[in-house]
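Please open the structure in the viewer and keep the selection tool at hand. The stops below are to be taken in order.

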Amino acid sequence: MVGRKALKLVGLGIHMLLVGDAFGKKIADLLGVKFVPFEDRKFTDGELCPRIEFKEISPPGSDAILAINKHSDESINDYTLKAYFLARTLHNSKFRTILVFPYFSYARQDNVFRYGEPLSSNYVAQMFDPIVTNFVTVTAHLQRRTNIATLFDHAKTHNVSGIPALIRQLPSGLKDPYILGPDTESIHWAREMADLMGVRDYGAFTKKRDVNTGEIQVFTGDLDLKDRQVVVVDDMISTGGTVLKSIKLAREAGAREIHVTTVHPILAGGALDKIKAQGVAGIIGSNTMESPISVADVTPDIVEKLKEFMGG
Ligand code: R5P
């Protein structure tokens, strides 16, 4: 076991350490397991060389959790490759590794939309599948599949919901809000949020995206939001195109006050400024990735899941 004596998880009968960044440290502290940081090195040419700060060699078959989120100063590709390099190093050092990868990058590319494109969601899953025992993520993008388990042959998968963390950050003054998904598949998140909040009304717009240009069209149906407080919920905000359209349409449907929530605040290309310019009442994201709106902490929900399947 690495470093000074690691804590023993109740009921586990094994010793465990957690390798990670500040996000991972929160999980280590909540679990009460030994935290091992890593040096987040990046060479001038952009190549990554994250080094786990082991103090001593662990016996083969030791258990580790690897937990990192995406930092604001790094690309999604760096986040993905860094997780892979760290997981691979643990695997090669004979650790049985649980990976906490809170943003499942490339999950949206779950289909070959045009001949010659990569099936990226499967490729990312296959990078990790042979080298981790468990793959833990948060609100994975599920559009054309119902379960991320189908992407893995070996690792067990756990898709923790990021919605409770968002709800914990919503203002208490909301009175019977309407929970709105900005596109067809976001009805899942809207239903879940409404159920957990004990709110009656939820629904979703429908969206069509041109696979060549990326241009989107959003349709409201006959939604009546007259004088309502509306909470928009989506799994991710990337360019902001989807949520911006839904804000506009919600206003046209009569919404009085709009709160925007998202599990994964990617916020590419000035999306946050564009949303702020719409005068919404609040914008809440989770800390699956760092951003100016990452106020909703998903680590307690991840820890609950880890305890559930680790038996602690
Ligand atoms: C799409 O299916 C997702 O659930 C999000 O609605 C989408 O990725 C958001 O992207 P953007 O912010 O670029 O419209």
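Begin by selecting the open sheet, in which six strands follow the order β9-β8-β12-β13-β14-β15 with parallel pairing; two strands pair if DSSP finds at least two bridges between them. At its edges stand β9 (202-204) and β15 (294-296), each of which pairs on one side only. From one strand to the next, the twist averages 35 degrees. This is a predicted model, in which local features need pLDDT of at least 70 and side-chain atom pairs count only at pLDDT 80 or more, whereas totals for chains, interfaces and linings use all residues. Residues are numbered from 1 along each chain as its sequence is written, and side-chain values use heavy atoms, with hydrogens and water left out. Helices (H or I, at least four residues) and strands (E, at least two) are DSSP runs numbered from the N terminus.

Within the sheet, select strand β12 (residues 229-237) and strand β13 (residues 257-265), which run parallel and are joined by eight bridges. Gln-229 can be found opposite Glu-257 in β13.

Axes are lines fitted to C-alpha atoms, for helices over the stretch in contact, and angles run from 0 to 180 degrees between N-to-C directions. Helix α6 (residues 241-252) lies across β8, β12 and β13 and runs at about 165 degrees to β13.

Now turn to another helix pair. Helix α3 (residues 120-128) packs with α2 at an angle of about 25 degrees, their axes being 10 Å apart. The two helices are therefore roughly parallel to each other, a term for angles under 35 degrees. Select Thr-80, Ala-83, Tyr-84 and Ala-87 of α2 together with Val-124, Met-127 and Phe-128 of α3 to display the contact.

Which residues of α3 are buried? They are Ser-120, Ser-121, Asn-122, Val-124, Ala-125 and Phe-128; buried means under 20% relative accessible area, exposed over 50%, and partly exposed in between (1.4 Å probe, protein chains only). Their cover includes α2, β5 and β6 (134-138).

Remaining in α2, select Lys-82, whose place is in this helix (residues 76-92). Lys-82 is buried, at a relative accessible area of 1%. Beyond its neighbours within four places in sequence, Lys-82 is in contact with Phe-38, Asp-40, Leu-48, Pro-50, Ile-68, His-71 and Glu-74.

Finally, colour the aromatic rings, among which the structure holds nine pairs. Rings of Phe, Tyr and Trp (its six-membered ring) pair if their centres lie within 6.5 Å; planes under 30 degrees apart count as stacked, over 60 as edge-to-face and the rest as tilted. The pair of Phe-54 and Phe-95 is stacked, because the ring centres are 5.7 Å apart and the planes stand at 5 degrees. Phe-54 lies in the loop between β3 (51-52) and β4 (63-67) and Phe-95 in the loop between α2 and β5 (96-100), so the pair ties together parts 41 residues apart in sequence. Phe-54 is partly exposed, with a relative accessible area of 24%, while Phe-95 counts as buried at 5%.

Tyr-84 in helix α2 and Phe-128 in helix α3 are 44 residues apart, and their pair links distant parts of the chain.

Key:
Contact means heavy atoms within 4.5 Å. Angles under 35 degrees count as roughly parallel, over 145 as roughly antiparallel, 65 to 115 as roughly perpendicular and the rest as oblique.
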